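Here is a friendly walk through one model, from its sheet to its core and its ligand. Have the structure open and follow along.

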Amino acid sequence: MSAPVLELRDVHAAYGRIEVLHGVDLVVPERSVMALLGPNGAGKTTTLKVASGQMQAKSGCVHVAGRHVNGATADELARAGVCAIPEGRGIFPNLTVDENLRMATYSKVPLQQVEERTFDQFPRLKERRNQLAGTMSGGEQQMLAIARALATDPALLMLDELSLGLAPIIVGEL
Ligand SMILES: Nc1ncnc2c1ncn2[C@@H]1O[C@H](COP(=O)(O)OP(=O)(O)OP(=O)(O)O)[C@@H](O)[C@H]1O
Ligand SMILES: [Mg+2]
C-alpha cells in the first residue's frame, strides 16, 4: 500500500504565542476526498496553511506522500504536487480567463494541455475565455481556480471554503 498523500501527526501551530492547533492528527489516503468541518475559528484554514507550507508547525510531523516535509516552503511543496486554493479563490481578477490559464503554464504544463483539460471539465469557461475573471460569477471564478489548479495535475488539492457564497446547484457541479 502506498503512503497517504497527506499525514499530520500531533501538529501544533500558533500565531505568536497563541496556540490554535493543539495536536492535530489527520490522514488523507491517496485518491480520496476528505472534508474538514468545524465552527468558525476551529483552525481549518490554519491546518491547510500548515499542510501547504504557508505556515510552519510549532511541533509535530507533516508528511506528504510519505516524506517528512516540516520546514519546506510553500513553493517547494507546490513543486512536490501540493496545491492550495485559498478562501477568496486566488485568481487574477484583472486578467481574462485565458490569461489566468496561461499562468498555470509556469508549472511547465503546456498551454494546449491546460486549455483542453479546463474546457473539457468546465465548458462554461470556454464561453467566457475572453472575459475578465473578476467580472465572472462566484461559481465561475471558483471553477477557474479549480481548473487552474487541476491543470498542474496536483497530488493533493486543498480548497478552503469551496462552497462559500455559492448556490447549492453550483456546489454540486464543483
Ligand atoms: N493571522 C492570524 N493572526 C492571529 N490569529 C489568527 C490568525 N489567523 C487565524 N487566527 C486565529 O486562529 C484561530 C483559528 O483560525 P482559522 O482561520 O484557522 O479558523 P477556521 O476554522 O478556518 O475558521 P473559519 O470557519 O471562520 O474560516 C482563530 O482563533 C483565529 O482568530
Ligand atoms: Mg477558515
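Two strands count as paired if DSSP finds at least two bridges between them. Please keep in mind throughout that this is a predicted model.

Four strands make up an open sheet, arranged in the order 2-1-3-4 with antiparallel pairing. Strand 2 (18–28) and strand 4 (67–68) are at the edges with a single partner strand each, so one side of each has no neighbour in the sheet.

The pairings can be followed one by one. Strand 1 and strand 2 are antiparallel partners over eight bridges, and Val 11 stands opposite Val 24 in strand 2. These strands form a hairpin with two residues between them, and Gly 16 in its turn has a positive phi of about 60°. Strand 1 also pairs with strand 3 in the antiparallel sense, over five bridges; here Glu 7 has His 63 of strand 3 as its bridge partner. Strand 3 (residues 59–64) in turn pairs with strand 4 over two bridges, again in the antiparallel sense. His 63 has His 68 in strand 4 as its bridge partner. Strand 3 and strand 4 form a hairpin too, with two residues between them, and Ala 65 in the turn takes a positive phi of about 50°.

## Val 62 in strand 3

Is Val 62 buried or exposed? Val 62, which lies in strand 3, counts as buried because it has 24 C-beta neighbours inside 10 Å, where 20 or more are needed. Leaving aside neighbours within four places in sequence, Val 62 is in contact with Leu 8, Val 11, Val 50, Ala 51, Ala 57, Val 69 and Asn 70. Val 62 and Glu 7 are 55 residues apart in sequence, while their C-alpha atoms are 6.0 Å apart in space.

## Helix 1 and its cover

Helix 1 is mostly covered, with six of its eight residues buried. The buried ones are Thr 46, Thr 47, Leu 48, Lys 49, Val 50 and Ala 51. What covers them includes strand 1, strand 2, strand 3, strand 5 and strand 6 (156–159). Just after the helix, Gly 53 has a positive phi of about 80°.

Val 50 shows this packing residue by residue. Not counting residues up to four places away in sequence, Val 50 touches Val 11, Ala 13, Leu 21, Met 55, Ala 57 and Val 62.

The protein is divided into domain 1 (6–80) and domain 2 (86–154 + 163–174). Their C-alpha centres lie 25 Å apart.

Which residues touch the most other members of the largest nonpolar core? Of its 33 residues, these are Val 11, Val 50, Ala 51, Leu 144 and Ala 147. At least two core residues each are supplied by strand 1 (6–15), strand 2, helix 1, strand 3, strand 5 (82–85), helix 3 (97–103) and helix 6 (138–151). Helix 6 gives the largest share, six residues. Domain 1 and domain 2 both contribute residues, so this core lies between them. In soluble globular proteins, nonpolar side chains tend to be buried together.

## Arg 102 in helix 3

Helix 3 also holds Arg 102. Arg 102 is partly exposed because 15 other C-beta atoms lie within 10 Å, a count that falls between the limits of 12 for exposed and 20 for buried. Arg 102 and Glu 115 are 13 residues apart along the chain, and their C-alpha atoms are separated by 8.7 Å.

## Around ligand 1

Finally, turn to the ligand. The residues surrounding ligand 1 are Tyr 15, Val 20, Gly 38, Asn 40, Gly 41, Ala 42, Gly 43, Lys 44, Thr 45 and Thr 46. By class, this shell has three nonpolar, six polar and one charged residues.

Which element gives the largest share of the shell? Helix 1 (residues 44–51) does, with three residues. Thr 46 belongs to the shell around ligand 1 and is also among the buried residues of helix 1.

Terms used: Residues are numbered from 1 along each chain as its sequence is written. Chains are lettered from A and ligands numbered from 1 in the order in which they are written. This is a predicted model: local features need pLDDT of at least 70, side-chain atom pairs count only at pLDDT 80 or more; totals for chains, interfaces and linings use all residues. A residue is near a molecule or strand if its C-beta atom, placed from the backbone, lies within 6 Å of it. Ala, Val, Leu, Ile, Met, Phe, Trp, Tyr, Cys and Pro count as nonpolar, Asp, Glu, Lys and Arg as charged, and the others, Gly among them, as polar. Domain bounds come from an automatic or database domain assignment. A nonpolar core is a set of buried Ala, Val, Leu, Ile, Met, Phe, Trp, Tyr and Cys residues joined through C-beta atoms within 7 Å. Two residues are in contact if their C-beta atoms, placed from the backbone, lie within 7 Å.
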